[in-house]
Amino acid sequence: AAEPEAAEPSGGQEGKAAAVRPGAEMGERPGLVVFDLDYTLWPFWVDTHVDPPFQKSSDGSIRDRNGQLVKLYPEVPAVLERLHQEGIPIAAASRTGEVRGANQLLDLFGLDHFFRYKEIYPGSKVTHFQRLCQQSRIPLSQMLFFDDEARNIHDVSKLGVTCIRVSNGMNLSLLKQGLEAFARS
């Protein structure tokens, strides 16, 4: 069996007890869960590793303009479905310059309906989160963020957001770790 992915919680998590009480994720829940896209929901940078526009084949596979197969990390649909079933709003925050391609992929993968808010454009994740806070009226301290880049985790954790570093793609185990970290924060 594969080892569970190690989460690197940030945003005031340092120095807190590592033990997690059973069912912690059922305690206080985040008001908004925010996901980066590249190397968090899918294993590539949409602005450099693939070539939009994308097309969905009759077999359901998604390919870029050169015919390269494009996939999500395997557990991403289950992660988003779980949050949706629990009534927790979901947002995307991506610094990609390929805004159209990122939005097209969310649509083609059938994920667009999960995202209540989307901040997808080049710039700072801090700006993304300030806008998410304005749009949603959810305090930054009530947000949980998953991203693969240490600099984004560092910057966003300074805002009071509970941040989890994603090292090998988003999965259900990492979601559980994030919800538990949020409940302890």
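**Helix packing and nonpolar cores in the predicted model**

In this predicted model, helix H1 (residues 76-85) packs against helix H5 (residues 172-184) at an angle of about 40°, and the two axes lie 9 Å apart. H1 is therefore oblique to H5. On the H1 side the contact is made by Ala78, Val79, Arg82 and Leu83, which meet Leu172, Leu175 and Leu179 in H5. By class, six nonpolar residues, no polar residues and one charged residue form the contact of H1 with H5.

The protein chain contains five helices and nine strands. Read from the N terminus, the order of elements is β-β-β-β-β-α-β-α-β-α-β-α-β-α. Of the 185 residues in the protein chain, 46% are buried. Among contacts in the protein chain with a separation of 6 or more, 68% are between residues 24 or more positions apart.

The largest nonpolar core comprises 39 residues, and the residues with the most contacts inside this core are Phe35, Trp42, Leu105, Leu111, Phe115, Phe146 and Met170. At least two residues each are supplied by strand E2 (32-35), H1, strand E6 (90-94), helix H2 (99-108), strand E7 (115-120), strand E8 (143-147) and H5. The most is given by H5, with five residues. A second, separate core has 15 residues, including Leu32, Val34, Ala93 and Tyr117. In soluble globular proteins, nonpolar side chains tend to be buried together.

Met170 is in contact with Phe35, Thr40, Leu41, Tyr73, Glu75, Val76, Val79, Phe146 and Leu175, leaving aside neighbours within four places in sequence. Two of these partners, Val79 and Leu175, also take part in the meeting of H1 with H5. Phe115 lies in strand E7 and counts as buried because its relative accessibility is 8%, the cut-off being under 20%. Not counting residues up to four places away in sequence, Phe115 touches Phe35, Leu41, Leu80, Ile90, Ala91, Ala92 and Leu106. Phe115 and Phe35 are 80 residues apart along the chain, and their C-alpha atoms are separated by 9.6 Å.

Burial was also examined by helix. In H2, the buried residues are Gly101, Ala102, Leu105, Leu106 and Leu108. The elements covering these residues include strand E3 (55-56), strand E4 (62-63), strand E5 (69-70) and E7. Gly110 follows H2 and has a positive phi, near 75°. In helix H4 (residues 150-157), Asn152, Ile153, Val156 and Ser157 are buried. These residues cover an arc of only 120° around the axis and therefore lie on the same side of H4.

Gly31 is located in the loop between strand E1 (8-10) and E2. With a relative accessible area of 21%, Gly31 is partly exposed. Apart from residues up to four places away in sequence, Gly31 touches Pro89, Ile138 and Gln142. The C-alpha atoms of Gly31 and Leu140 are separated by 9.1 Å, although the two residues are 109 residues apart along the chain.

How values were computed
Residues numbered from 1 in each chain as written. Predicted model: local features only at pLDDT ≥ 70, side-chain atom pairs only at ≥ 80, totals over all residues. Heavy atoms only, no water. Axes fitted to C-alpha atoms, helices over the stretch in contact; angles between N-to-C directions. Helix = DSSP H or I, 4+ residues; strand = E, 2+ residues; numbered from the N terminus. Parallel < 35°, antiparallel > 145°, perpendicular 65-115°, else oblique. Contact = heavy atoms within 4.5 Å. Nonpolar A, V, L, I, M, F, W, Y, C, P; charged D, E, K, R; others polar. Buried < 20%, exposed > 50% of the residue type's maximum accessible area, 1.4 Å probe, protein only. Arc of directions from axis to C-beta. Core = buried A, V, L, I, M, F, W, Y, C linked by side-chain atoms within 4.5 Å.
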